[in-house]
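Subject: Handover of a structure

Dear colleague,

Please find below the structure that I am handing over to you. My notes on what was found in it follow directly after.

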Amino acid sequence: MEIKNLLNGNLNLSDLENHEISKNTSAFDGLGKEKVEALKKSISEINDMVKGREFLSNQIFEEGEKIKNEINSLIMENERTPLADKRDVMREKNDLNHKKIEISELQLNERISCWKDIAQLKKELREYERELNEKEERSKMFAKIMEEN
């Protein structure tokens, strides 16, 4: 209403200078809180995703180790079989060793993929944390300004 009167020429700027700013900040309390809460939730979810990705990678690596141990057992069993043809034993041993190499390659690729995924998640996490810090600092600054008035 006062602004309307000012525009119509019914109110002077000097009248507004004496007008005190309300110290009631309840209207501003909710301002930005939703965004801050959303950022906190996103940060928490990303941390959970990093932990989940590490867990998954470790499970894959452990499974690969189990399979390689089983292959080693098969190789040892085949070497102890007296009736087996040496060429067949050598061929099977080579095939099994090749499988071990493939599993090791898969494990290595999984480690690299895990590292890349986690690096991407942490980059995203840093962005959210930076944004959260900015929002919290603005909120503190606003609260301080409102206290001074």
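E134 and R130 are four residues apart in helix α5, and they are therefore separated by about one helical turn. In this predicted model, the side chains of these two residues, E134 and R130, meet in a salt bridge, with 3.2 Å from N to O. E134 has a relative accessible area of 33%, so E134 is classed as partly exposed. R130 also falls in the partly exposed class, because its relative accessibility is 46%.

A second pair of this kind is found in helix α4. K68 and E65 both lie in that helix, three residues apart, which is about one turn. Their side chains meet in a salt bridge of 3.1 Å, N to O.

The side chains of R53 and E110 meet in a salt bridge of 2.6 Å, N to O. Helix α5, where E110 is placed, covers residues 86-148. Leaving aside residues up to four places away in sequence, E110 touches R53, S57 and I60.

Which residues form a network of salt bridges that includes this pair? The residues linked in the network are R53, E110 and D117. By the rule applied here, the count of salt bridges comes to ten.

I turn now to the nonpolar residues. The largest nonpolar core has ten residues in all: V36, L39, I43, I46, V50, C114, I118, L121, L125 and L132. The elements that give two or more residues to this core are α4, which covers 33-80, and α5. One member of the core, I46, touches L121, E124, L125 and Y128, again not counting residues up to four places away in sequence.

Two further points concern aromatic rings. The charged end of R111 sits over the ring of F61, at 4.2 Å from the centre of that ring. How many aromatic pairs are there? The count comes to zero by the rule used.

Finally, some values for the protein chain as a whole. The chain has five helices and zero strands, and from the N terminus on its elements run α-α-α-α-α. Of its 149 residues, 17% are buried. Among the contacts between residues at least 6 apart in sequence, 80% join residues that are at least 24 apart. The accessible surface comes to about 12,000 Å², and 53% of this surface belongs to carbon and sulfur atoms.

Yours sincerely,
A colleague

Definitions and conventions: Residues are numbered from 1 along each chain as its sequence is written. This is a predicted model: local features need pLDDT of at least 70, side-chain atom pairs count only at pLDDT 80 or more; totals for chains, interfaces and linings use all residues. Side-chain values use heavy atoms; hydrogens and water are left out. Contact means heavy atoms within 4.5 Å. A nonpolar core is a set of buried Ala, Val, Leu, Ile, Met, Phe, Trp, Tyr and Cys residues joined through side-chain atoms within 4.5 Å. Buried means under 20% relative accessible area, exposed over 50%, partly exposed in between (1.4 Å probe, protein chains only). A salt bridge is a side-chain nitrogen of Lys or Arg within 4 Å of a carboxyl oxygen of Asp or Glu. Rings of Phe, Tyr and Trp (its six-membered ring) pair if their centres lie within 6.5 Å; planes under 30 degrees apart count as stacked, over 60 as edge-to-face and the rest as tilted. A charge sits over a ring if NZ of Lys or CZ of Arg is within 6 Å of the ring centre and within 35 degrees of the ring normal. Accessible areas come from the Shrake-Rupley method with a 1.4 Å probe; for residues, only the protein chains shown count as cover.
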